[in-house]
Amino acid sequence: MDGSEIKQLAIVSGKGGTGKTTIAAAFAALAKDKVMVDCDVDAADLHLLLRPKILTQEKYFGGKRPHVDLEQCTQCGLCAEVCRFNAIDNGVVNSISCEGCGFCSHICPEEAITMREAFSGDWFVSETPYGPFIHARLGIGEENSGKLVTVVRKKAMEVAQERGLELILIDGPPGIGCPVTASLTGVNLVLAITEPTLSGIHDLERILKLSDHFKIPSMVCVNKFDINLGNTAKIASHCKKNGSRLIGEIPYEPRVVEALVQGKTVMDYPCNEVQGVVHRMWKEVEDSLKVKKCLNTKSFVTG
Amino acid sequence: MIISIASGKGGTGKTTIAVNLVLSLQKGTVQLIDCDVEEPNSHLFLSPTIHQVTSMGIPVPRIDESKCTYCGKCAKVCEYHAMTVILKNVLVFDELCHGCGACSYLCPEKVIFEIEREIGIIQEGSGNGIPFVNGVLNVGEPMASPLIRKTKEKIQKEKIVILDAPPGTACPVIETVKGSDFCLLVTEPTPFGLNDLELAVGMLERLGIPMGVVINKADIGDRKVWDYCDSRNIPILMEIPMDRQIAESYSRGIPIVVENPSYIQKFEGLFEKIENQIAVSNG
């Protein structure tokens, strides 16, 4: 399949913990012919619901770090003087502060500093009961998560092309910074999950602004809408003003957590009301993306 | 004393803990700094009056092309591919620039100078008598860490400084928590909460920062978070039950201690436990 025919949906939120992964997993159960990709690489959770069987594992090198040959180092201090990140002093590198710019390696009069690729995580191509899944594990305390997002998304595109899949389903990271930007570039549709709280509204406005910045059409889902109906109404009017469609209001339902504890998507666990809303949301999304209709809904666990 | 509030998983209650903790401590002794510059929320609960707004930028290169020989050195040394030289053109991609300064220093003709490019603002003010600072990243800017670094320059060391961190375990979180005397990890007893707690613990161990856990919505989910903390000897310093009343007050921007003052004592207790933990880790 040609890359341009493949549709990409990014599920994001601005604020963390609003239900991105819950919705992404539910859509994974509903959508046909898709590849899933977890772009929340520094706190990835989607694998807990998709039960992946890892097919291949690759190492991720996120950037370079200086390596100092201490025998050549004369402790002249020039590296510390030029480093704007306070990451090197007398040949000792603070790999947490270091941003890998390589300035030190260029100015060292003894040429004692060389830049070496730094191993900063792993990424995986997996098979799941719902289809292929690309995910990653950023090394503990590593940076450059945006670059890793780009790596997993590129792989998802390859898999979609090879297998003739028409949709890439992206579980995005929270925030609006570099991993989010990397998750949004080139997608066809953004689905922003929010909650009817002041924080939820505040963060929704910023993520929708970002989506507009990239000229990507957006839709909105309010999770736990019944916690504060007034705020839900405010979100609805903000969406209207912004030109985003509010496509779903999910009630507060303790069974959503029960499903999660069982390691199941909400479509595989009896929670009727939530399933109904998610199902209608998916219809809106597939209509908007013009992808094939979903699987037969009768196969889902209800009760 | 610097105490950061982090979480791994988003939406577990970092801001709730940060705001209620500062409101429960003696006025004049605390400062609240919101380092979640991508999505700052603390101000929604503290409703501070902002006295000062400062534009914050990072240095980015500009070229005096009348003297440029297009040798390509700048593009060659830039690790972030923020500069390219094509024929007689030097292109600078501002969003990719980390402001390291290598290009201007290493330019053989010395024709590269730097200008400050705004990436966000820092707001300073106070609410309820508590000094407050937050950083707000401009929408569309990818790099949060430099703004967090600048926001942290506002730390008043003599005070008890509470830092509200962003979610996750990547660079913006590290930038926030490094230098803290203690980090409180807020989690919830679900598989997502536990998975991300383990990642956050790994991060703090690498940074060598002493830590404790707050379990929010403690009566949902399962008991695996407790088992994990037991097995790793991580102290659980507070538990907050799932309470629809708390959720509703939160939705309206009302701190728990305002809605239900009996919580003040609980947050005082939390602070005492943190102090004890810091004393223990200092030997």
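Predicted model: local features only at pLDDT ≥ 70, side-chain atom pairs only at ≥ 80, totals over all residues.
Chain A contains 10 helices and 11 strands. Along the principal axes, the C-alpha atoms of chain A occupy a box of roughly 70 × 40 × 35 Å. The chain has 303 residues, and 59% of them count as buried. Its accessible surface amounts to about 12100 Å², and carbon and sulfur atoms contribute 50% of this area. Among the contacts in chain A with a separation of 6 or more, 77% are between residues 24 or more positions apart.

In chain B, helix 7 spans residues 191-207 and helix 8 spans residues 224-232. The axes of these two helices lie 10 Å apart and form an angle of about 25 degrees. Helix 7 of chain B is therefore roughly parallel to helix 8 of chain B, because angles under 35 degrees are placed in that class. The crossing of helix 7 of chain B with helix 8 of chain B is right-handed.

Residues from both helices take part in this packing. On the side of helix 7 of chain B, the residues in contact are B:Leu194, B:Leu197, B:Glu198, B:Val201 and B:Glu205. They meet B:Lys224, B:Val225, B:Tyr228, B:Cys229 and B:Arg232 of helix 8 of chain B. Sorted by class, the contact between helix 7 and helix 8 of chain B comprises 6 nonpolar and 4 charged residues, with no polar ones.

Terms used
Residues numbered from 1 in each chain as written. Chains lettered and ligands numbered in written order. Heavy atoms only, no water. Axes fitted to C-alpha atoms, helices over the stretch in contact; angles between N-to-C directions. Helix = DSSP H or I, 4+ residues; strand = E, 2+ residues; numbered from the N terminus. Parallel < 35°, antiparallel > 145°, perpendicular 65-115°, else oblique. Left-handed = near helix turned anticlockwise from the far one by under 90°. Contact = heavy atoms within 4.5 Å. Nonpolar A, V, L, I, M, F, W, Y, C, P; charged D, E, K, R; others polar. Buried < 20%, exposed > 50% of the residue type's maximum accessible area, 1.4 Å probe, protein only. Areas by Shrake-Rupley, 256 points an atom, 1.4 Å probe, with all protein chains shown as cover.
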